[in-house]
Amino acid sequence: MKDFFQGFTLVYGPPGSGKTSLALYAAAEMGGRVLYVGFYETGDKVRGKIEGLGLDPSRFVVLDYVSISDADLLLNGVVEQYVKVSPDVVILDGINALPQSREAASSMYRLFSGPVIAIGEEDIGGSHFAYMADTLLEVAQFFHRGARYRRIRVVKTRLGPAPGAEFYFTISRRGVRIIRRWSQSELGDRSVAVASGRRVAFAEDVAKSLAELMPGVRRPGLLNNSRVAAFICEHPKCLRISAGYLCDYMDNVRVGVLSTSRFVGLVARQMGCDVEEVVVPASALAEDYVLEEAVEKVAGAPVVSLYGLEEVLAMYGPERVAYILDFIQSALPGVAVLATFRGVEPTPELLNLFNTVWRYFPDRAVVVKSALGWPIHELRVVEEGGRIVFRA
C-alpha cells in the first residue's frame with residue numbers, strides 16, 4: 001500500500017469513492033503517528049472511519065477545521081499543530097478548501113518534512129497542487145452489471161508504480177486491500193500440489209510423453225501463483241472428472257473449496273473424499289465483504305478450488321470473474337487456483353485469465369492451453385478399474 005504514496009501525494013476523485021479510507025490506511029502503514037487535518041468532514045466522522053478500518057485510534061491526531069473558513073487561519077492552524085504534534089505522516093483532507101494558487105500549493109509542498117497525503121475532489125486534478133505533487137492518484141468507484149468496483153489509477157509518480165497503472169482496491173473492517181492483476185509471468189518455479197492419480201490417472205503412454213518433455217515428471221503439479229481452468233460439459237461424467245481431480249489433489253495437500261452451491265461436495269463424496277465447501281451464492285458476490293469473508297475461511301490452503309463460476313459469469317460478466325481471481329491471489333499470495341466452469345465456452349477473454357485450460361467431455365479431455373507445453377492436446381477418457389483414465 002505505502003508504495004503508492006511517495007513524497008507529497010495528491011489523491012482525488014468523487015465523493016464516496018474511498019479516498020479518505022485509502023489515505024488513513026496508507027498513513028497507518030507509513031508511520032506510527034499520523035496527523036489528520038480535515039476541512040470537510042467532522043472529527044467524529046473521521047474517528048468512526050479509523051475504527052471502521054480496524055486501525056488504532058490512539059495513533060491518530062484528528063483536527064477538525066470544518067467550521068473555519070478564513071484561509072489564513074486555516075494555514076496558521078495547520079502549521080501550529082504540525083509543529084506541536086511532530087507526526088510521521090500528515091493527511092490534508094479537503095484541500096479544495098485551501099486557496100487554489102501556486103503560492104499556496106508551493107507553501108504546502110515545502111511546509112512538511114515527511115510524507116503528506118492530500119485529498120481533493122475531481123476538479124483538483126488539474127490544479128497547482130496536482131502540478132506540485134510528487135505522486136498523483138485518481139480514485140473512482142463504479143458499478144457494472146450490479147457489482148461494485150473501486151479503482152486507483154497512477155496519474156503521475158516520481159517513485160511509485162508506473163504512470164498509467166490501474167488497480168482495484170477494497171475497503172472493509174479488515175482494512176484496505178490493493179488487488180493486483182495476475183500475470184502468467186509471476187508463476188513460481190515449484191509445485192504446491194500434485195494430484196495422486198487414484199481417481200483420475202494418466203495412461204502409461206501419456207506419462208511417458210510427459211517424462212520426455214519434463215524429465216522426472218509423470219504428473220505435472222500446480223505451481224505457485226498458477227491458474228488452471230476446467231471448462232466441463234453438462235454430462236454428469238464431466239463433473240465426476242473434475243471432482244475426481246479435486247479429491248486427488250486433496251490426497252496430498254489442503255485445498256480450500258469455494259462454491260456457489262453444494263453440488264461438488266456431493267459428487268466428491270461419491271468419488272471417495274470428503275469436501276468441506278465454503279458456499280457463497282453467486283448473487284452475493286457483487287460485494288467485496290462477502291468474498292473477503294469466504295477467502296478468510298480458506299486462508300492457509302496452498303490451493304483454492306472454485307466451482308460454479310459459470311453463475312458469476314452469467315450474472316456479472318467476465319470482468320467479475322477476473323476480479324474474483326485477482327482478489328483471491330492478492331489476498332493469498334502464491335496460492336494456486338483451480339477454477340471450474342460448467343456448460344460454458346472458453347472465450348478468448350476467459351482464456352487470458354489462466355495459464356492452463358482444459359475442456360472435459362464424456363469421452364475426451366482437450367488441452368486448450370498450457371504453460372507447460374503439453375505434448376498431447378487431445379486425450380481419450382475411459383474408465384478402468386474404478387478410475388477415470390486419460391489415454392493418448
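Me: Two strands pair if DSSP finds at least two bridges between them. Helices (H or I, at least four residues) and strands (E, at least two) are DSSP runs, numbered from the N terminus. How many bridges join β1 to strand β6?

Reply: This is a predicted model, where local features need pLDDT of at least 70, side-chain atom pairs count only at pLDDT 80 or more, and totals for chains, interfaces and linings use all residues. Residues are numbered from 1 along each chain as its sequence is written, and side-chain values use heavy atoms, with hydrogens and water left out. β1 covers residues 8-12, and β6 covers residues 135-144. The two run parallel, and the number of bridges joining them is four.

Me: In which sense do β1 and strand β5 pair, parallel or antiparallel?

Reply: Strand β5 spans residues 116-120. Five bridges link β1 and β5, and their sense is parallel.

Me: How many of the five residues of β1 are buried?

Reply: Buried means under 20% relative accessible area, exposed over 50%, partly exposed in between (1.4 Å probe, protein chains only). On one side of β1 sit Phe 8, Leu 10 and Tyr 12, and on the other Thr 9 and Val 11. Both faces are covered. The buried count is five.

Me: Which residue in the turn of the β6 and β7 hairpin has a positive phi?

Reply: β6 pairs with β7 (residues 147-156) in the antiparallel sense over nine bridges. Within that pairing, Glu 138 has Arg 153 as its partner in β7. Two residues lie between the strands of the hairpin. The one in the turn with a phi of about 50° is Arg 145.

Me: Is Asn 225 buried or exposed?

Reply: Asn 225 lies in the loop between β12 (222-223) and β13 (227-232). Its phi is near 65°, a positive value in a residue other than glycine. Relative accessibility is 10%, so Asn 225 counts as buried.

Me: Is Ser 86 buried or exposed?

Reply: Ser 86 also has a positive phi, near 50°. Its place is the loop between α3 (71-85) and β4 (89-93). The relative accessible area is 53%, so Ser 86 is exposed.

Me: How many disulfides does the count come to?

Reply: A disulfide is a covalent bond between the sulfur atoms of two cysteines. Here the rule is a pair of cysteine sulfur atoms within 2.5 Å. Numbering the bonded cysteines in sequence order, the pairing is 1-2, 3-4. The count is two.

Me: Which residues does Arg 180 touch, not counting residues up to four places away in sequence?

Reply: Arg 180 sits in the loop between β9 (175-179) and β10 (191-193). At 38% relative accessibility, Arg 180 is partly exposed. Contact means heavy atoms within 4.5 Å. By that rule, and leaving out residues up to four places away in sequence, Arg 180 touches Phe 4, Phe 167, Asp 326 and Ser 330.

Me: What percentage of the residues in the protein chain is buried?

Reply: The protein chain holds 12 helices and 21 strands. Its C-alpha atoms fill a box of roughly 85 × 35 × 35 Å, taken along the principal axes. Of the 392 residues, the buried share is 56%.
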